[in-house]
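Morning, everyone. I have one structure to go through today. Let me put it on the screen.

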Amino acid sequence: MMHRFCKLVETRSLVLLLFLCALVDMVLSVTHYSIPEEMEEGSVVANLASDLGLDVRTLSKRKMRIDVVANKKYLDINKDTGELFILERIDREFLCTSKTTTYCFLKLDATIENPIRMFNIEVEILDINDNAPHFRRGTMHLDISESSTVGERFSLNNAVDPDVGDNSVQNYHLSASQHFNIEIQTGRDGSKFADLILTKVLDREQQAVHHLILTAVDGGVPARTGTASIIVRVLDVNDNAPSFDKDKYLVDVMENSPIGSLLIQLNATDLDEGSNSDVFYSYSLYTSERTQNVFSLNQENGEIRVKEMINYEDLKSYEMEVIASDKGLSPLSGQCKLTIQVIDMNDNHPEISIKSFQSPVKENIAVDTVIAVVSVSDKDSGNNGVVDLHIPQNMPFKLRESPDNYYKLVVSEPLDREKVPEYEIAFTVTDRGSPPLCDNETMTLQLLDVNDNVPHFPQSFYTIRVMENNAPGALLSSLSAFDPDLHENQYLVYFILEKEIANTSMSMLFSINPENGNLYALKTFDYEMEKEFLFHIEARDSGSPPLSSNVTVHIIIVDQNDNAPVIVSPWRAHGSVVEEKIPRSTDKGSLVAKVIALDVDSVHNSRVTYQFLQVTDASLFSLDQYNGEIRTMRMFSYKDSRHQRLVVVAKDNGEPALSATVTIKLSTVETAIKAYSDMTEVPLEYDIFSDLNLYLVIGLGSVSFLLLITILVTIVLKCQKVKPSKAAPPSRNSVISERNSTIADSTLVSNDAYWYSLFLAETRKGKLVVRQPMPKGSRYIVSSIPRSTGVSETSDSAPSTLQYPK
């Protein structure tokens with residue numbers, strides 16, 4: 001067993017020995033190839049089988065393989081052709097990282113079997129310039145003081161290149177610069193680097209930062225480059241003083257600008273930096289204290305603001321000097337001058353000053369007379385200080401401008417105190433600013449009265465109606481005139497202008513109060529005697545000279561119902577009863593009697609109507625209410641009483657109405673009664689003016705006559721040329737005849753005045769003659785008249801002529 005073991009050991013040792021011998025043989029034989037890096041995959045390096053003397057046909061059978069020693073398998077063999085080819089791209093810089101040598105090898109082992117053989121293969125990887133130089137930092141920052149001297153060096157980072165030999169960094173280039181250059185240095189390991197050299201003095205204020213480009217260039221063909229930026233920041237030195245934008249500033253500011261308003265912001269710059277460029281502002285010693293009180297200066301930012309109210313009228317401009325200083329260790333400073341011009345603002349109202357003023361003045365003051373002198377002013381300047389003075393246009397005054405803003409107020413139109421007693425003259429002064437300001441002053445001009453107005457009555461003609469039977473001293477009317485003047489020019493005195501009418505002075509009939517114009521009657525007027533008066537009243541003022549005016553007064557006496565009707569037919573003694581006899585055979589409608597009453601009042605009050613007050617038999621007689629005729633309504637019968645009593649009342653139309661009554665006793669007889677022996681029936685001649693027709697004619701004639709007299713008197717008074725004569729008293733004649741009757745008796749009644757009373761005659765059988773009124777010397781013809789009447793009788797049987805005694 002031991003023997004077998006020993007024999008086995010010997011056998012294995014022999015095999016090992018043979019293997020080692022072959023291995024040594026292989027090691028001693030090395031195949032060397034040189035290839036460039038970065039060859040394409042599949043590229044053939046060499047025919048390894050041919051170089052090793054191997055049969056290409058046996059390579060696959062003998063299982064030939066390539067092993068890479070301590071690296072990736074970059075190469076392999078083609079067993080069909082025996083060619084050694086690139087299996088994977090080879091990067092020399094990755095494969096051989098050491099920069100101590102320029103050589104780079106890739107070792108391979110080629111192994112074949114049957115028999116086993118090993119071949120050493122060494123592939124040298126040759127460097128190609130496939131890498132450009134590059135800097136570890138793409139940007140290099142350098143801080144260099146602007147006080148550095150020329151020639152001073154500053155180290156720069158060098159560039160690296162993975163390539164070796166000539167393909168590594170060989171040179172450096174610097175971009176163009178006036179201040180810098182480079183100097184290339186070689187290190188102990190042969191590497192190249194550059195130093196930055198200062199060739200010109202730096203000025204941070206001119207250029208605070210310099211940008212340079214450093215380029216590294218290798219020795220390959222073609223050469224490759226790499227660049228890096230160099231930023232040189234120049235460190236500041238306090239070598240620059242602060243400087244303003246301008247040496248002198250001119251600023252405008254509106255007066256009355258709000259406090260705190262920004263005027264200007266000064267800007268001083270310091271080309272230095274840091275604390276050397278920090279600037280603060282201050283006033284210089286040449287700036288007045290007044291200016292510093294008006295304006296504030298911000299030390300930090302240079303703002304100048306309004307500190308107090310600015311008034312253009314106080315000071316029109318301000319000057320100041322401002323200093324700007326930096327905060328360097330050795331501070332530097334600069335200064336500027338600032339002129340502030342105050343722009344006038346329309347903040348002052350124009351002023352009016354009354355230099356002279358004349359008031360009151362007389363209303364008849366002459367046109368163009370100076371009333372007042374006024375001056376105007378405005379503290380503002382320019383258009384703000386140009387002023388215009390105005391007064392209302394609707395006044396009789398105008399302004400005349402004089403030099404130096406003086407104005408004269410003159411009268412432009414005649415003045416009239418009675419129309420405008422005083423004037424409120426408003427002076428308005430306006431400047432021409434924007435917006436315009438104004439002021440006003442009002443003066444009161446009073447006018448003194450001048451006696452230039454005559455008294456004025458409200459009417460030019462007064463018609464005053466006065467009721468007759470007025471009380472003496474009764475107030476008729478107030479004829480007050482008006483005088484628009486004042487004081488004594490206004491005090492009026494009233495007069496009645498003397499004028500006689502019918503030898504009677506107006507002052508005897510009327511009286512006027514000289515102070516108030518009240519017109520009084522001095523006597524009692526009777527319409528039946530006096531109908532109207534026409535005269536003048538004068539009103540005179542107390543001015544100097546006095547002025548007067550007059551007015552016409554027409555007094556009309558108004559009739560009053562103060563006269564009762566007077567029954568004139570049938571006539572009877574006062575209080576007696578009229579007795580009449582009529583035939584009993586009187587036919588129906590026969591006239592029995594006729595009652596006639598007269599009223600001396602005016603037409604309205606004298607209108608008389610008749611009616612029965614009492615009657616024995618109302619069916620027997622009728623009474624016409626207008627003419628007073630009593631007629632039978634039927635024939636008498638044997639049953640009727642022989643004696644009939646009729647009471648007739650005659651009533652006027654006045655208010656209240658007045659009346660008179662007459663009682664008639666009628667007796668009926670069978671046959672006609674013969675005439676009295678001492679009387680002879682003498683029939684009167686036929687008169688067409690019978691009954692009521694006569695009265696109507698007389699009334700119309702009287703009215704026409706009175707109207708004519710009134711017109712004539714008015715014309716005479718107007719003309720005042722003809723003195724009126726005493727008017728004759730009016731007359732009225734009435735003749736009433738009645739057939740188949742004779743005069744029984746008559747009574748004559750007289751009344752001494754302007755007018756005569758009525759002659760009344762009542763008849764039973766015969767003629768009736770009525771005279772009313774009867775002027776002296778009037779003559780009438782009658783058939784018969786009793787001697788007791790007091791008139792003369794010329795014949796008893798013939799018509800008689802009656803003449804009233806003179």
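Start at the surface. F705, L706, L708, I709, L712 and V713 make up a nonpolar patch there. Together they have about 510 Å² of accessible area. Keep in mind that this is a predicted model.

Where does L708 sit? L708 lies in helix 6, which covers residues 691-719. Is L708 buried, exposed or partly exposed? Its relative accessibility is 47%, so L708 is classed as partly exposed. The reasoning is simple: exposed would need over 50%, and buried would need under 20%.

Now the cysteines. How many disulfides does the structure hold? One. That disulfide links C96 with C104, and the S to S distance is 1.7 Å. What is the hand of the link between C96 and C104? Right-handed, with 75° about the S-S bond.

Are the two partners buried or exposed? Take C104 first. Its relative accessible area is 1%, so C104 is buried. C96 has 19% relative accessibility, and so C96 counts as buried too. The cut-off for buried is under 20%.

C336 has a relative accessible area of 2%, so C336 is buried. C438 is at 42% relative accessibility and therefore counts as partly exposed.

To recap. On the surface, we have the nonpolar patch with F705 and L708 among its members. For the cysteines, we have one disulfide, and it joins C96 to C104. Thanks, that's my part.

Definitions and conventions:
Residues are numbered from 1 along each chain as its sequence is written. This is a predicted model: local features need pLDDT of at least 70, side-chain atom pairs count only at pLDDT 80 or more; totals for chains, interfaces and linings use all residues. Side-chain values use heavy atoms; hydrogens and water are left out. Patches are made of residues with over 30% relative accessible area and no salt bridge: like charges are joined within 9 Å, nonpolar side chains (Val, Leu, Ile, Met, Phe, Trp, Tyr) within 5 Å. Accessible areas come from the Shrake-Rupley method with a 1.4 Å probe; for residues, only the protein chains shown count as cover. A salt bridge is a side-chain nitrogen of Lys or Arg within 4 Å of a carboxyl oxygen of Asp or Glu. Helices (H or I, at least four residues) and strands (E, at least two) are DSSP runs, numbered from the N terminus. Buried means under 20% relative accessible area, exposed over 50%, partly exposed in between (1.4 Å probe, protein chains only). A disulfide is a pair of cysteine sulfur atoms within 2.5 Å.
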